[in-house]
Amino acid sequence: MACFYLLKVIREPLILTQGGAELKSYATALQAGLLMFIVPAFSAFYHKHASKHSRTFFINRLLMFFITNLLLFALLTMGGVNIAVIFYVWLGIFNVMLLAQFWAFVADTYNVRSGQRLFVIIAVGAALGSLVGARITGLLLPFIGVAGIMVLAALMLILILLFSNRAVAWVPSYAKSLSEEPPSHTDNAWLAGFSVVFKNQYLVYIAIFVVLLNFVNSTGEFILASVVVQYTENLVATMQSSLSLTTLQGQFYSDYNTWITSLSFLVQILLVSRLFKWIGIKGSILILPLIMLLSYGVMLFMPVLAIIKIAMISEKSANYSIQNTIQQVLFLPVPRDQKYIGKMTIDTFFFRFGDLIYGGFVFVGITWLDLPLSAFIASNVLCAVLLLFIAWRIGDFNRQQVRKNLGNSAPRMAAEIPGLNISAGVVSQFTISEQTFIDPDIGDALKFRAQRASGKNLPRWIVFDRYSRTFIFKPPPESTGREEIIVIAEDFDGLAVSSKLIVNYGPIPN
């Protein structure tokens with residue numbers, strides 16, 4: 001993600017200074033056209049190699065391909081060749097293909113229980129990478145130029161290539177996926193990516209959701225770009241700024257992307273895991289459509305740069321944190337073919353198909369219908385309503401898919417917690433054994449809490465560290481008494497078991 005945001009910041013001013021927001025929309029649509037050929041080629045490649053190589057094979061081959069591309073782009077840029085359009089198209093394909101394969105690789109590496117817990121943490125790394133990439137581009141661009149940014153991005157990809165094999169080796173055995181099934185037989189491997197999606201109703205809903213989501217997002221970017229171009233051109237024309245048009249737009253997008261990545265990072269760290277706990281996947285997937293409905297509703301009545309910028313930052317932050325994590329979790333309970341070629345097809349072709357529809361919409365709306373900006377905003381309001389309905393259906397299907405592929409057993413108590421006799425006025429420590437509570441579900445993890453048997457909080461002189469399962473006691477000097485403590489072990493789905501701990505305390509014996 002740091003690599004992508006390094007390149008994304010230089011992509012925007014390159015395409016906008018050459019042809020403006022309209023050419024940007026057509027270049028985006030061209031990506032979908034190219035993916036119509038790339039997806040079948042990858043499907044054939046997958047079926048040829050899936051049964052012969054390790055999990056890292058596909059992502060490593062993509063990394064080597066894109067590293068070579070970046071170094072070539074850097075050479076062309078240093079030679080004075082105008083690569084704005086081709087680089088814009090390439091970066092879009094780079095983004096969706098590499099990210100799709102990364103998350104397919106992760107979903108194939110972890111089992112469902114471990115993935116449901118750890119994807120939130122992995123996504124924190126993605127958010128942090130986005131933040132770093134967006135920020136350092138604005139700082140380094142004046143010193144190393146566009147070609148230097150491309151070389152730096154290539155070096156980042158080389159580091160990823162070196163780490164990929166170690167990443168698999170470091171996953172604990174209890175967290176690894178048990179699925180190593182070979183690819184299913186197909187008469188036409190070139191069309192397998194599309195057939196895998198269309199034969200599964202769950203994947204069809206996800207594909208439709210992705211198409212609509214990207215259409216709304218791309219249309220929102222067009223709305224923002226139109227206003228940014230108008231605003232910066234006015235600054236230059238009226239001599240309110242001594243900076244060039246490219247520099248003004250580059251600074252705007254650097255600040256814009258920094259806000260998005262910063263907010264995404266905070267939401268990812270502070271909110272996403274809690275949302276999954278409070279309202280589950282089904283409730284969490286509704287959040288982005290609701291934000292879109294509110295944002296474009298406000299934008300429709302106040303279409304000014306400040307409002308549009310805030311609305312787009314809110315939308316993209318939720319997309320890159322909450323929605324991005326959900327999008328990966330949705331593929332945990334599906335078979336391996338659906339993880340690799342089904343996910344690849346949805347995250348590349350169907351993702352960019354939304355751009356294709358958007359490109360046609362912009363062309364017809366501007367060239368033939370001469371639509372005002374408010375018409376594009378209104379279209380996003382309508383799409384947000386439709387996204388709400390589809391998100392609700394995906395939530396239902398995901399719940400059915402998880403129940404079908406993975407039951408959940410409650411944790412159980414394997415041993416009694418022994419009673420304790422401690423001295424008042426002295427610090428004592430006690431750690432509950434790992435073998436006290438056991439969860440029969442592979443990959444599931446337990447979280448612990450403690451309270452008084454009455455349900456009240458522990459007294460101040462008792463501290464419980466839920467991560468190490470350790471109690472620290474310091475009863476008041478010369479005090480005597482008895483505390484009954486309930487220790488609760490709870491799994492990811494909220495099923496729990498408890499055990500009682502009796503603590504007797506009194507003065508230090510002579």
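## The largest cavity

The largest cavity in this predicted model has a volume of about 820 Å³, where a cavity is a set of points on a 1 Å grid over the protein atoms alone at which a 1.4 Å probe fits but cannot get out. The points are joined across faces, edges and corners, and the volume is the space filled by probe spheres set on them. With a threshold of 30 Å³ or more, the count comes to 1 cavity.

## Its lining

Lining residues, those with an atom within 4 Å of a point, number 41 for the largest cavity, and the closest to its centre are Asn-95, Asn-214, Asn-319, Tyr-320 and Phe-351. Among the elements that give two or more residues to this lining are α3 (84-109), α6 (201-237), α9 (305-329) and α10 (336-368), while the largest share, 8 residues, comes from α1; helices are DSSP runs of H or I with at least four residues, and strands are runs of E with at least two.

## Ser-479

Ser-479 lies in the loop between β7 (470-473) and β8 (481-490), and it is buried, with a relative accessible area of 16%, since buried means under 20% with a 1.4 Å probe and protein chains only. Its side chain reaches the backbone oxygen of Pro-476 at 2.5 Å. Beyond its neighbours within four places in sequence, Ser-479 is in contact (heavy atoms within 4.5 Å) with Ala-424, Tyr-505, Gly-506 and Pro-507.

## Basis of the values

Residues are numbered from 1 along each chain as its sequence is written, and side-chain values use heavy atoms, leaving out hydrogens and water. Local features need pLDDT of at least 70 and side-chain atom pairs count only at pLDDT 80 or more, whereas totals for chains, interfaces and linings use all residues.

Terms used
1 Å grid on protein atoms, 1.4 Å probe; cavity = no way out; pocket = protein on both sides within 12 Å on 5 of 7 lines; lining within 4 Å. Buried < 20%, exposed > 50% of the residue type's maximum accessible area, 1.4 Å probe, protein only. Polar contact = N/O pair within 3.5 Å; in protein donor to acceptor, adjacent residues only side chain to side chain.
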